[in-house]
Amino acid sequence: MLSLKQSVRIALGSIGSAKMRSALTTLGIVIGVAAVIANVSLGASFSQYFTEEIGSVGNNFIIIESKTSNLLHDNELELVRGTPGITGVSPVSQQVAEVKYISTIRQIAVQGVSEDYEEVANIQMESGSFLTDNDKYVAVLGHDVAYEKFDRFISEKNTIEMTFVKANGEVVTQKFKVKGIISSPQTSFVQSGIEPDVRIFIPIATMNEIMGENYYWGFFAAAESMESISGVTDEVDRRLARNLGVPARDLDNEDAKPYSLLNQEEILEQVDQLSGALGSLLTAVALISLIVGSIGIMNIMLVTVTERTSEIGIMKSLGYKNHEVLSMFIVESMVVGLIGGIFGTALGVIGAYVVVGAMGMPHVFPLDMIFIGVAVSIVVGLVAGVYPANKAAKMNPVDALRHE
């Protein structure tokens, strides 16, 4: 009776007798497993990275944006602020202004906000302090605005000059004293395409005075928790719709409403879907390498069966059964897959670690992928070895002994 231990010993002997051929055979499995594991790890790192980035924009935030001008006023602001579950809200208006510091002029996005924006948008100050509702002609600068946009660094108490163009074409120029500098935040992709470190903040009342407006372009609010954010968003939606005359039947029709809502949970779901789709695509491409690797194992096992035909004849003449010959070659095929899986897993882990580190993302590696990678390689070896092993098991011992 041929034991599993003996089958493994024979398999290792066969692999060792043709080291170069065995190495080339396992190369496809190594590359395939490494690619799959690296892609899964990168997908997990991307997902966590974007989750942290979104979290840096604010805690449990809800964004309400007007689709038309002169829609959102103080009445709507108080309506949102009074919604159960809302912990804070800031009105927001945005304009692109011509900003001058000493002799350098740049076009920069300027946002009018209230003092509540510091908390709801998770603003972290590097120096100075954020705006208050009592401020007038003062500004808080994003990190890049202060240190990269102009020929010289801008610091607290420096003065900048901003020129705005009103809707009627009138040009308004006003000087602002810098009150503080925001520390460099993570990249935001929910602020109308403007990264937070390239913005200038001024009081919303000052913005409206300069632009001759008495309305807001949107609100940035915060809910109590991520668990309640969906329900709070729905309640804000219902209140705004009722207040702005949107029929109840159109509540779920985004095109029928003159405003839009987006919350942190929805953005995280979109990011998860995107990273999942990207990970699936990359993994599918990587699986092609596994298929190529399995074909390589099958091919080399067919060659091995042919080379060991006489050995098979001797085994059968000594009384070994078909299933023993079958298991011997299947074990050898699985050992080849296992060796490829071990090296592939190690290569995938190292590759993911290097790439993630180079991109400055968090290192996230699902430990179960090590076991999955090895298991997949063994299964690939098993599947690839079935046909050659079956061919060997069905050989006629007399014909096998005559083979040269």
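Tutor: Let us begin with a term: a residue is called buried when its relative accessible area is under 20%, exposed when over 50%, and partly exposed in between. Please bear in mind that this is a predicted model.

Student: What makes strand β9 largely enclosed by the rest of the structure?

Tutor: Strand β9 spans residues 218-223, and six of its six residues are buried, so the rest of the structure largely encloses it. In a regular strand the side chains alternate between the two faces of the sheet. Here both faces are covered, with Gly218, Phe220 and Ala222 buried on one side and Phe219, Ala221 and Ala223 buried on the other.

Student: How do you know that strands β1 and β9 pair, and how many bridges join them?

Tutor: Pairing requires at least two bridges, and five join β1 (residues 61-66) to β9 in an antiparallel arrangement. Ile62, for instance, has Ala221 of β9 as its bridge partner. Strand β2 (residues 86-101) also runs antiparallel to β9, joined to it by six bridges; there Gly88 stands opposite Ala222.

Student: Why is the contact between Arg81 and Asp116 called a salt bridge?

Tutor: The cut-off for the nitrogen and the carboxyl oxygen is 4 Å, and the N to O distance between these side chains is 3.6 Å. The contact therefore meets the definition of a salt bridge. The pair links distant parts of the chain, 35 residues apart: Arg81 belongs to helix α3, and Asp116 to the loop between β3 and α4. Glu78 is linked with Arg81 and Asp116 in a network of salt bridges.

Student: What is the N to O distance in the salt bridge between Asp237 and Lys257, and what does the pair tie together?

Tutor: The distance is 2.9 Å. Asp237 lies in helix α7 and Lys257 in the loop between α7 and β10, so the pair ties together parts that are 20 residues apart in sequence.

Student: Are Asp237 and Lys257 buried or exposed?

Tutor: The relative accessible area of Asp237 is 11% and that of Lys257 is 2%. Buried means under 20%, so Asp237 is buried, and Lys257 is buried as well.

Student: Why is Leu281 called exposed?

Tutor: The threshold is over 50%; Leu281 has 54% relative accessibility and therefore counts as exposed.

Key:
Residues numbered from 1 in each chain as written. Predicted model: local features only at pLDDT ≥ 70, side-chain atom pairs only at ≥ 80, totals over all residues. Heavy atoms only, no water. Buried < 20%, exposed > 50% of the residue type's maximum accessible area, 1.4 Å probe, protein only. Helix = DSSP H or I, 4+ residues; strand = E, 2+ residues; numbered from the N terminus.
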